[in-house]
Amino acid sequence: MDDITCAQVRANPDFAELERQRGRLGWTLAIIMLAVYFGFVLLVAFAPGLMGTPVAGVITLGFPLGLFVIVSAIALTGVYVVRANGRFDAMTSRIARANP
Amino acid sequence: MRRLGLAAAALALPGVARAADAAPPAENFTAIAMFGVFVALTLGITYWASRRTRSAADFYAAGGGITGLQNGMAIAGDFMSAASFLGISAMVYTAGFDGLLYSIGFLVGWPIMMFLMAERMRNLGKYSLADVTSYRLSPGPVRTMSAISSLVVVAFYLIAQMVGAGQLIQLLFGLPYAYAVVIVGVLMILYVTLGGMLATTWVQIIKAGLLLLGASYMAVMALAHFGFSLNTMFAAAVAAHAKHAAILTPGLQFKNPISTLSLGVALMFGTAGLPHILMRFFTVRDAKAARTSVFWATSFIGYFYILTFIIGFAAISMVGSNPLYVLATGAVRGGGNMVAIHLAHAVGGDILKGFVSAVAFATILAVVAGLTLAGATAVSHDLYANVFRRGRTTEGTEMRVSRIASVALGVLAIALGLAFEKQNVAYMVGLAFAVAASANFPVLLLNMYWKRLDTKGAVLGGSLGLVSAVALTVLSPGIWVKVLGFHAAIFPYDSPALFSMPLGFLGCYVGSLIGRGRQAEAEAGRFEALYIRSQTGLGAEGAASH
């Protein structure tokens, strides 16, 4: 890609908006995922007793929390796909049309 | 303790069952027949794929024509290895709750990949991960470095799979170890050299479908046995397991918190640096398909790990208290890895056992094919075409080199599989993930996000990550004590990633900041074009016209 195309894309307000929105969404979701996962790992590593507290019958707290990590991983990727397939792709194709 | 040791070994690779525990296995004809059907089907696909594999883009990237759903299934197939199916269910069987930690660790790398890397990789890449870094850095050094670390990852992964395959197939089918290794090696060479990425992908998709089907059926039947009550299943497990209620609390497997955390780092970030996985992003049409494939992959993998968890816990009572499956000593017949296979027999008799055994064999085959293709790409596309010939070669020659490299890697894999038969290779998959997290991931991420990363920084960071991950693993209990026989480990933790990955990042940072010359500034200058292409896909490699 040459410098002129770069400068044109850079000047496109859609690009600035795409960059801002995708950056914010990507990092927010990444930080949520890291917090959920390492929160879980830290609890397993440093508070095994707490994770072993029974919550329903013999089922201990660790199991619903583990399931929560798995479900959040799927849900967060789902959120990203829905947002990106709609809004981000629309902006990307507008940018592509402006710079054929 | 013995059972725990077994599970740890079982998990780190597909099938380190202790053959010594097993009675001489009888040949399992149901399993062999079903596996024969799978082989016939996949060879048919390979023939079909070979007629469509004409260009380098076809060979390395299936012509860019794989859909998001298909790619998601193939990625899930790479992760649903025999290690995760047999190993994690075996680990849950012996250590209860702690088995969950591995499955969750394998899964959560995917969202991170999606949010920070997948689309950008697709927009920047062509065939190998070095294409992404050499976009703005000096191709010679970064391709060489990336090819070396990719080959190291592939080699360790491959040895673990081949040894596991030999031992597992010996148990499941009653075939001698050497036969099993040679069969896997030869089939894998056929898939890769003839059918390239297209055949490799479809073998993986079919196997993933069969594995999901088999595991779902097993989990539902097992739950039905407990009246669809998780509480009844857990209560039965607590009653049957030698450790009783301790299986519902962390700590049976992972006793050292730092080791646990370090393993978590390796599993999460290693995913984002595995060459055979990252290559799959170049097989889809565009960034949209790349992100769709990550969503499907995450869903399939998450669902699959929930199944293995149910299978492992159900097996504690259904397998563990049945003299048909366990010896009087409490050891599982055929070794710890057989837990899921025994459960298949318990819920579905000989037919299901045969089916699940055949799928386990198919799984190993599909995973080694993907690994070999990634290794061959590093040799032919990076080292030969772009470093050795500096891009002055024809597509035909490059493809010929990659086919030769695939055959050579296949022969090497057979040789290594035979050489390591009696070795303890339990650390090898863990090491592959740690190297991927420490050598590949920092360079890939910083290349896309940090303008000032330059060639010397990338080479220093990648080398430091590679060397420290390997060195710390050698000094860890897994090798220093268990393989080399020393009394105390110099590096006390099982996984090096908590230390080696930051070293990789530090190397990139320090290497880029010191002695910046005109080349470093030119590389920073090319960041803008990389950044815009990674964000918009303008100028990205398109799908080949089929």
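**Core.** I looked up the largest nonpolar core, which has 235 residues, and found that B:Val184, B:Ile301, B:Ile311, B:Leu343, B:Val368 and B:Val435 touch the most other members. A nonpolar core is here a set of buried Ala, Val, Leu, Ile, Met, Phe, Trp, Tyr and Cys residues joined through C-beta atoms within 7 Å. A residue is taken as buried if 20 or more other C-beta atoms lie within 10 Å of its own, as exposed if 12 or fewer do, and as partly exposed in between, with C-beta atoms placed from the backbone. H14(B) supplies the largest share of this core, 30 residues. Leaving out residues up to four places away in sequence, I listed the residues that B:Val435 touches as B:Ser149, B:Val152, B:Val153, B:Leu466, B:Ala469 and B:Val470; two residues are in contact if their C-beta atoms, placed from the backbone, lie within 7 Å.

**Provenance.** I note that this is a predicted model, in which local features need pLDDT of at least 70 and side-chain atom pairs count only at pLDDT 80 or more, while totals for chains, interfaces and linings use all residues. Residues are numbered from 1 along each chain as its sequence is written, and chains are lettered from A and ligands numbered from 1 in the order in which they are written.

**Chain B overall.** I counted 21 helices and zero strands in chain B, where helices (H or I, at least four residues) and strands (E, at least two) are DSSP runs numbered from the N terminus. The radius of gyration of chain B is 23 Å, close to the 24 Å that the globule rule gives for 546 residues, so chain B is as compact as a globular protein of that length; the radius is taken over C-alpha atoms, and the rule is 2.2 Å times the number of residues to the power 0.38. Along the principal axes, the C-alpha atoms of chain B fill a box of roughly 70 × 50 × 40 Å. Of the 546 residues of chain B, 66% count as buried.

I then checked H14(B), residues 339-388, which spans only 48 Å between its end C-alpha atoms, whereas a straight helix of 50 residues would span 74 Å at 1.5 Å a residue; the expected span is 1.5 Å times one less than the number of residues. H14(B) bends by about 140 degrees at B:Gly348, the bend being the angle between axes fitted to the seven residues ending there and the seven starting there. I found 44 of the 50 residues of H14(B) buried, so this helix is largely enclosed by the rest of the structure. For H13(B), the 32 residues should span 46 Å at 1.5 Å a residue, and the end C-alpha atoms are 46 Å apart, which agrees.

**Positive phi.** I looked at B:Phe228, a residue other than glycine with a positive phi near 55 degrees, in the loop between helix H9 (177-225) and H10 of chain B. B:His244, in the loop between H10 and H11 of chain B, has a positive phi near 50 degrees and counts as exposed with 12 C-beta neighbours inside 10 Å.
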